[in-house]
Amino acid sequence: LTDCLFCSIAAGDIPADTMSESDRVMAFRDISPQAPTHVLVIPKAHYPDIGALVATDAALVGELVRTAADVASAEGIEGGWRLLFNTGPDAGQTVFHVHAHILGGRRLGALG
Ligand code: 5GP
Ligand code: ZN
């Protein structure tokens, strides 16, 4: 039992539209997509944000990015895609289990 939403998804306790899963990483579609492709990539282990993750397991960051690139290929978003980690309240982070957003399938606006 956990009170973390993405730990619950990783454990299979809350369903998700899963695109890929390995021992350590999972990719699933965002429940409120902001683009035709909007996929979240998470480590199954709990880290609150990308800073905490890279400090503890930099190789796992590589696995997240590899998974994101594979998802982008599978989605066929040759026009381009964006990978971002919202980190902290000022960046709009609302789920404090680190996740990368993959966004693509439309022309994306400037950041900020
Ligand atoms: P953040 O704002 O923390 O960077 O992103 C959290 C993301 O999680 C949001 O884009 C939100 O739509 C997504 N989200 C929140 N709850 C759920 C859920 O239960 N399932 C899925 N698939 N996505 C969720
Ligand atoms: Zn968690």
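Good morning. I begin with the ligand: a polar side-chain atom of Asn86 lies 2.9 Å from an oxygen atom of ligand 1. I count this as a polar contact, that is, a pair of N or O atoms within 3.5 Å. The model is a predicted one, in which local features need pLDDT of at least 70 and side-chain atom pairs count only at pLDDT 80 or more, while totals for chains, interfaces and linings use all residues. Residues are numbered from 1 along each chain as its sequence is written, and side-chain values use heavy atoms, with hydrogens and water left out.

Two further contacts deserve mention. An N or O atom in the side chain of His101 is 2.8 Å from an oxygen atom of ligand 1. From the backbone, an N or O atom of Arg29 lies 2.9 Å from a nitrogen atom of the ligand. The protein covers 82% of the 520 Å² of accessible area that ligand 1 has on its own, by the Shrake-Rupley method with a 1.4 Å probe.

Next, the shell. There are 16 residues around ligand 1, and Asp30, Asn86, Gly92, Thr94 and His101 come nearest; a residue belongs here if one of its heavy atoms lies within 4 Å. By class, the shell has 7 nonpolar, 7 polar and 2 charged residues, with Gly counted as polar. Helix H1 (5-10) gives the largest share, 3 residues; helices are DSSP runs of at least four residues and strands of at least two.

Where does ligand 1 sit? It sits in the largest pocket, meaning that more than half of its atoms lie within 2 Å of the grid points. A pocket is an open set on a 1 Å grid over the protein atoms alone, with protein on both sides within 12 Å along at least five of seven lines; lining residues have an atom within 4 Å of a point. Of the 18 lining residues, Leu5, Phe6, Asp30, Ile31 and Leu40 lie nearest its centre. The lining divides into 9 nonpolar, 6 polar and 3 charged residues.

Notes. Chains are lettered from A and ligands numbered from 1 in the order in which they are written. A polar contact is a pair of N or O atoms within 3.5 Å; within protein, one must be able to donate a hydrogen and the other to accept it, and residues adjacent in sequence count only if both atoms are side-chain atoms. On a 1 Å grid over the protein atoms alone, a cavity is a set of points where a 1.4 Å probe fits but cannot get out, and a pocket is an open set with protein on both sides within 12 Å along at least five of seven lines; lining residues have an atom within 4 Å of a point.
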